[in-house]
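Open the model in your viewer and keep the sequence panel beside it.

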Amino acid sequence: MQPVTLLSGLLIAVGIVGLIVPVLPGLALSLLGVLLWAWSTGGTAWWFFAAACVVAAIGWIVQYTVPGKRMAAAGVPGRVILIGAVGAIIGFFVIPVVGLFLGFVVGVLIAELGRTRTVADAWTSTKHAVKAVVTSIAIELTAAVIVALIWVAGLLATR
């Protein structure tokens with residue numbers, strides 16, 4: 001097996017892990033792994049890279065539209081996710097590993113408390129925001145796994 005193929009596989013694997021532990025741009029890393037492989041292999045490998053690009057593009061579009069529509073339907077403004085993201089970044093540095101998730105929840109809860117003025121309504125909005133983020137990660141993870149499967153199919157087809 002060529003070193004470039006191993007590096008490509010490593011990038012794809014790190015991308016997928018980066019989505020499970022949301023620290024890295026996982027789908028982009030996975031796509032980069034397929035690009036590296038296509039660049040070194042050439043020929044029909046570029047068709048597999050093109051298919052991976054289509055899957056990634058669909059994943060990115062769906063990742064932002066579906067959770068956004070669900071949050072809007074629940075009456076949660078989009079800026080709440082932004083405030084939650086700031087809380088997640090702060091939490092990441094204050095409490096390693098779990099701080100990312102806790103910071104997001106606390107950030108959303110504080111933002112919603114300021115907006116709704118009641119703990120019950122703020123907690124309901126926070127649950128909707130957390131579900132939206134989990135849905136977004138699941139969509140991106142699914143796209144990354146499909147990209148990985150396309151790469152494996154490409155490996156088998158170009159042998």
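An angle over 145 degrees between two axes counts as roughly antiparallel, and one under 35 degrees as roughly parallel. Keep in mind throughout that this is a predicted model.

**Stop 1: α2 and α3.** The crossing of α2 over α3 is left-handed. To see the contact itself, show side chains on both helices. From α2 come L27, A28, L31, V34, L35, W37, A38, W39 and T41, and they meet A45, W46, F48, F49, A52, C53, A56 and W60 of α3. Coloured by class, this contact of α2 with α3 shows 16 nonpolar residues, 1 polar residue and no charged ones.

**Stop 2: α2 and α6.** Keep α2 and bring in α6. Here the axes lie 9 Å apart, at an angle of about 10 degrees, which makes α2 roughly parallel to α6. This crossing, too, is left-handed. On the α2 side, select G26, L27, S30, L31, V34 and W37; on the α6 side, select E140, A143, A144, V147, W151, G154 and L155. The contact of α2 with α6 divides into 9 nonpolar, 3 polar and 1 charged residues.

**Stop 3: α3 and α6.** The residues in the contact of α3 with α6 comprise 19 nonpolar, 6 polar and 2 charged.

**Stop 4: E112.** Finish on one residue. Select residues 99–116, helix α5, and find E112 within this stretch. Is E112 buried or exposed? E112 counts as buried because its relative accessibility is 0%. Draw the distance between the side chains of E112 and R115: a polar contact of 2.7 Å joins them. Then display what surrounds E112, leaving out residues up to four places away in sequence: E112 touches P77, V80, R117, A122 and S125.

Technical notes
Residues are numbered from 1 along each chain as its sequence is written. This is a predicted model: local features need pLDDT of at least 70, side-chain atom pairs count only at pLDDT 80 or more; totals for chains, interfaces and linings use all residues. Side-chain values use heavy atoms; hydrogens and water are left out. Helices (H or I, at least four residues) and strands (E, at least two) are DSSP runs, numbered from the N terminus. Buried means under 20% relative accessible area, exposed over 50%, partly exposed in between (1.4 Å probe, protein chains only). A polar contact is a pair of N or O atoms within 3.5 Å; within protein, one must be able to donate a hydrogen and the other to accept it, and residues adjacent in sequence count only if both atoms are side-chain atoms. Contact means heavy atoms within 4.5 Å. Ala, Val, Leu, Ile, Met, Phe, Trp, Tyr, Cys and Pro count as nonpolar, Asp, Glu, Lys and Arg as charged, and the others, Gly among them, as polar. A crossing is left-handed if the near helix is turned anticlockwise from the far one by less than a right angle, and right-handed if clockwise. Axes are lines fitted to C-alpha atoms, for helices over the stretch in contact, and angles run from 0 to 180 degrees between N-to-C directions. Angles under 35 degrees count as roughly parallel, over 145 as roughly antiparallel, 65 to 115 as roughly perpendicular and the rest as oblique.
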